[in-house]
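Reader: I am new to this structure. Please show it to me, and then let us take some questions one by one.

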Amino acid sequence: MTVTLNLRFRKPKNELEQGGRPPASPAETEPEIARKCPACGQSTPLSALWENLYVCRCGYCFRISARQRISFLADRDSFTELFPQLESRDILGFPGYEKKLESSRASAKEREAVVCGRARIGGQECALFVMEPYFMMGSMGAVVGEKIAGLFEHAADEGLPVVGCTVSGGARMQEGILSLMQMAKTSGAVKRHSDGGNFYLVLLANPTTGGVTASFAMGGDVILAEPGAIVGFAGARVVEQTVRRKLPPDFQKAEVLLEHGFLDRIVPRADQRSVIAALLSIHRREREG
Amino acid sequence: MKKAHDYVLAARAKDRPTGTDYINGIFSDFIELHGDRRFADDPSVVGGLAMLNGTPFTVIATEKGKDTKDRIRRNFGAPNPEGYRKALRLMKQAEKFRRPVACFVDTSGAFCGIGAEERGQGQAIAENLMEMMTLKTPVLSILIGEGGSGGALALAVADEVWMLENAIYSVISPEGCANILWKNTERAPEAAESLRLTAADVHSLGVVERIIPERNGNYALLFDSLRLDIGRWRQKMSALSVQELTQARYRRFREIGAQTV
């Protein structure tokens, strides 16, 4: 396994792979644009949002790209990407999948729905994955499964903790049964990493559902969530159709999961970096051998 | 030529044997054990101890029910988190006493209810996937009817997975898929074709080891042949050390889909 991993591990070639430039303040490019908060209805200029890590004054967390999140979490210039070249193929000949992949690559400017690599957070070395909501809603097919499993194997070999952020609609339907098998694959890799005494911290962002919730999202030693994040197995609409009654407004909200004992903490975006750094520091392992 | 949708209908047919038929038809002296020791006993999942040619097995099956009343009681074979937690409890017990585990899977999927969500359906499935991957005893899973998504996989992280000729195994129901793709559940037959969910398709993708012929509905014959097959499988597995066993199980799943990467 180590051999194949090393083959895939290469020096980053450009800024984007290094975790990207810190996203330029929109104030410099699009000064007029404001975004309306779906929670409170208030409009905030993008420049102000950017200053506030894309969090509205009311606390609502706007969706952000994987690279943006990495720039918020990881120490400056510390991110080195792993498996950057992997991309999905339409292996089943599924209707519309090829086109969907093409348009996702163009709009997300990513090759796949997860970005993996190594980084430092508050000076602590870790393996890091962040899912990309702008690429087919962070859905998991064979490549996402391969990248997640590969990252946990790499981290297990190196005795590194894994920090992950999930944002996903679940398994990628367009890859049929192969996408379902990624749930077993990734869960197995999480378990092996864990059995090696390594630390795994996962941050659940909005939304984390389906096959991702039912696999590596729930496998963390510590499970954090962003305020207001929807976390569940079945989609709310499917549940509503199944039970034929209206769901409570806070159904599957992180705050309810915390009450029911499925989360350790809810952490606002501004505090995530320091909370994660503190937890990594507590779990620091002396390098053996 | 039988179409994918014909297999979907066959897998869901009401006159098809259900999970407990397989337990009673293949094994002897079944003793059912109840409860997840956390919250409840889920009748959608039946589990316990049974003998096969003098060897004790832990057997687990999803059960859709026999008549309307029974089906309602068993939630039509759609488990709540307690069903998965009961299954895992019995598997851990099998590990402790070094018994092989045989699972019979027939479910449209994990139940999509408010309570199921509140009690951690996703967490329960995830825990089964993780724990089954490293379970230190042989595990065999046989898909006997519907293999519905994560709710089926949570009982099918096994050393070998077999599939009946008319069983299906899919990441999403054809109806759900058609609804997402075309906003039209009537196009489910088309979706069934695209999802590649028949035993032949799933086998060609390397997801199951064997397709079990159904002997034209002569289930007594089917149970006899499965008894022989499961006995042989157990013998083959007993030659492996615990480490060889769990390594091979991990590799089995690690390699699925890797050809597409």
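Author: This is a predicted model: local features need pLDDT of at least 70, side-chain atom pairs count only at pLDDT 80 or more, and totals for chains, interfaces and linings use all residues. Residues are numbered from 1 along each chain as its sequence is written, while chains are lettered from A and ligands numbered from 1 in the order in which they are written.

Reader: At what angle do the axes of helix H6 and helix H7 of chain A cross?

Author: Helices here are DSSP runs of H or I with at least four residues, strands are runs of E with at least two, and both are numbered from the N terminus. Axes are lines fitted to C-alpha atoms, for helices over the stretch in contact, and angles run from 0 to 180 degrees between N-to-C directions. H6(A) covers residues 142–158 and H7(A) residues 176–195; their axes come within 9 Å and cross at roughly 10 degrees.

Reader: Is H6(A) roughly parallel or roughly antiparallel to H7(A)?

Author: Angles under 35 degrees count as roughly parallel, over 145 as roughly antiparallel, 65 to 115 as roughly perpendicular and the rest as oblique. The crossing is at roughly 10 degrees. Therefore H6(A) and H7(A) are roughly parallel.

Reader: How many nonpolar residues has the contact of H6(A) with H7(A)?

Author: Two residues are in contact if their C-beta atoms, placed from the backbone, lie within 7 Å. H6(A) brings residues including Ile148(A) and Phe152(A), and H7(A) residues including Leu178(A) and Val190(A). Ala, Val, Leu, Ile, Met, Phe, Trp, Tyr, Cys and Pro count as nonpolar, Asp, Glu, Lys and Arg as charged, and the others, Gly among them, as polar. Five residues are polar, three are charged, and the nonpolar ones number ten.

Reader: What is the bridge partner of Ser168(A) in S7(A)?

Author: Two strands pair if DSSP finds at least two bridges between them. S6(A), residues 162–168, and S7(A), residues 200–208, pair in the parallel sense over six bridges. Within S7(A), Ser168(A) has as its partner Thr208(A).

Reader: Which are the edge strands of the sheet in chain A?

Author: Seven strands form this open sheet, in the order S3-S4-S5-S6-S7-S8-S9, with mixed pairing. An edge strand pairs on one side only; here these are S3(A) and S9(A).

Reader: Which element gives the largest share of the side of chain B that touches chain A?

Author: The contact takes 46 residues from chain A and 42 from chain B. On the side of chain B, 26 are nonpolar, twelve polar and four charged. The largest share is eight residues, and it comes from H6(B).
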